[in-house]
Amino acid sequence: HDFQVQNNFVTGHIDSAFFETPHMGDFLVDENLITGTIPGNLGSSSLLWSVVFSDNKMHGTIPESVGSLVAMVGFKVDNNFLSGTLPPGMANWEKLREIYLQKTNIGGTLPHWIGNWVNLTQLNAFDSQFEGSLPSTLTSLRGAVLVYLFGNRFNGTLPSSRWSNMQKLVQLQLQENRLTGTIPVSLCDAPKLRGLVLSKNRLRGAIPTCLDRIPVLQSIQLFGNQLTGTIPGSIANMFNLELFEIENNLITGSIPAGIANLTSLLIFAADTNLLTGSLPDGIDMLPVLTELSASYNLLTGTLPRPPPFTTKVILRRNTFHGIMSDLWWNTSKGILDVEVNELEGNLTALFSRSLLPSRISISQNQFTGRLLAQINQQPINSALNPLLFINSSDNYFTGPIAYNLNKLKSLVELY
């Protein structure tokens with residue numbers, strides 16, 4: 001009734017004789033070295049409810065006979081060399097709960113009849129060869145928890161309505177496709193959505209202001225699109241937000257002061273947009289923020305007190321001015337990049353500090369002092385040991401260059 005030979009070194013092909021019995025329940029041969037094709041008579045075992053061919057070296061197509069497998073609950077053929085399209089008979093799989101098609105050459109359009117899979121919890125078809133528009137019936141998958149369709153060639157727009165049907169949806173990952181149009185407002189009606197990942201598409205329009213209606217939302221990743229408008233002020237209400245990534249868009253306006261409310265925020269990345277204004281006061285109240293990145297914008301003003309545990313700060317190519325607080329240097333093995341601004345201050349004592357980033361980029365500012373003078377001291381400051389990279393060109397430093405730079409054992413580049 002069941003055949004399970006998983007995680008071994010089985011070779012050869014799968015003989016069609018396996019499926020001449022009508023009583024086979026599950027057939028699990030994942031994580032082996034099996035070659036050949038899926039037998040054409042797979043559908044003869046009409047009671048099959050679980051088929052797993054994952055992580056082998058199989059080729060060919062999914063046979064048409066699978067339409068007979070109306071009891072199918074789990075079908076996994078990922079990480080193979082399979083190709084072709086989804087046979088129409090798969091529309092009969094109304095009991096299907098999991099399908100894994102990722103990392104294969106299976107493609108074509110995603111058929112409208114996937115809307116029949118109302119019990120589906122996981123739709124995994126990422127890094128494959130699917131193309132064309134997403135079917136409007138995608139939002140009929142009322143049982144779906146995970147929808148992973150990234151890394152294909154889908155085009156057209158996102159389904160515009162009925163996202164409220166997807167009351168169980170937790171992850172929607174459609175990045176690295178060719179989607180156009182706007183982000184539908186009805187996405188705000190998916191109450192359990194934790195991850196919204198639409199990066200590296202061709203989306204336009206504004207970030208929906210209603211996303212704060214999703215109380216559990218943790219990740220908004222929209223980078224690499226053509227989005228316009230501003231960062232919604234409603235972001236202040238997204239108390240569970242951990243990742244906010246909108247790099248490489250056309251976002252304007254200022255960074256809302258309300259981000260200081262986001263005590264769960266780990267990454268704020270808004271590089272290469274058209275943001276104006278200053279960094280809001282209160283960001284030092286973000287207790288777990290590790291990355292603050294807003295380079296290549298039109299930001300100005302002085303830098304406020306930094307978040308306490310940030311290890312990656314990239315604010316290059318803005319017009320920040322004034323003296324940086326010493327607290328911005330308080331990181332170990334991190335990155336501080338404020339190149340091409342109008343920042344100033346005497347950095348003579350910088351390399352006497354007990355904490356320093358491992359990569360420091362401060363070129364094209366107005367810093368003064370005697371840089372690296374402390375390296376001549378005996379013994380050398382232990383905070384200098386992890387230094388990998390320093391770019392301090394085009395400032396107003398004076399005095400001699402340290403004569404024993406060889407003490408910096410990890411240093412790779414000094415500009």
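This is a predicted model: local features need pLDDT of at least 70, side-chain atom pairs count only at pLDDT 80 or more; totals for chains, interfaces and linings use all residues.
Q: Why is Val340 called buried?
A: Val340 has a relative accessible area of 18%. The cut-off for buried is under 20%, so Val340 makes it into that class.

Q: Where does Val340 sit?
A: Look in the loop that runs between strand 21 (335-337) and strand 22 (342-346). Val340 also has a positive phi, about 55°, although it is not a glycine.

Q: What makes Asp394 count as exposed?
A: Its relative accessibility is 56%. Exposed means over 50%, so Asp394 qualifies.

Q: Where is Asp394, and what is its phi?
A: Asp394 lies in the loop between strand 25 (389-391) and strand 26 (396-397). Its phi is positive, near 60°, and Asp394 is a residue other than glycine.

Q: How do you know that strand 10 and strand 12 pair?
A: Count the bridges: strand 10 (residues 153-157) and strand 12 have three. Pairing takes at least two bridges, so these strands pair, and they do it in the parallel sense.

Q: Why are strand 6 and strand 12 called edge strands?
A: The open sheet has four strands in the order 6-8-10-12, with parallel pairing. Strand 6 (107-109) and strand 12 (178-180) each pair on one side only. From one strand to the next, the twist averages 10°.

Q: What holds paired strands of a sheet together?
A: Strands pair through backbone hydrogen bonds, in either a parallel or an antiparallel way.

Notes:
Residues are numbered from 1 along each chain as its sequence is written. Side-chain values use heavy atoms; hydrogens and water are left out. Helices (H or I, at least four residues) and strands (E, at least two) are DSSP runs, numbered from the N terminus. Axes are lines fitted to C-alpha atoms, for helices over the stretch in contact, and angles run from 0 to 180 degrees between N-to-C directions. Buried means under 20% relative accessible area, exposed over 50%, partly exposed in between (1.4 Å probe, protein chains only).
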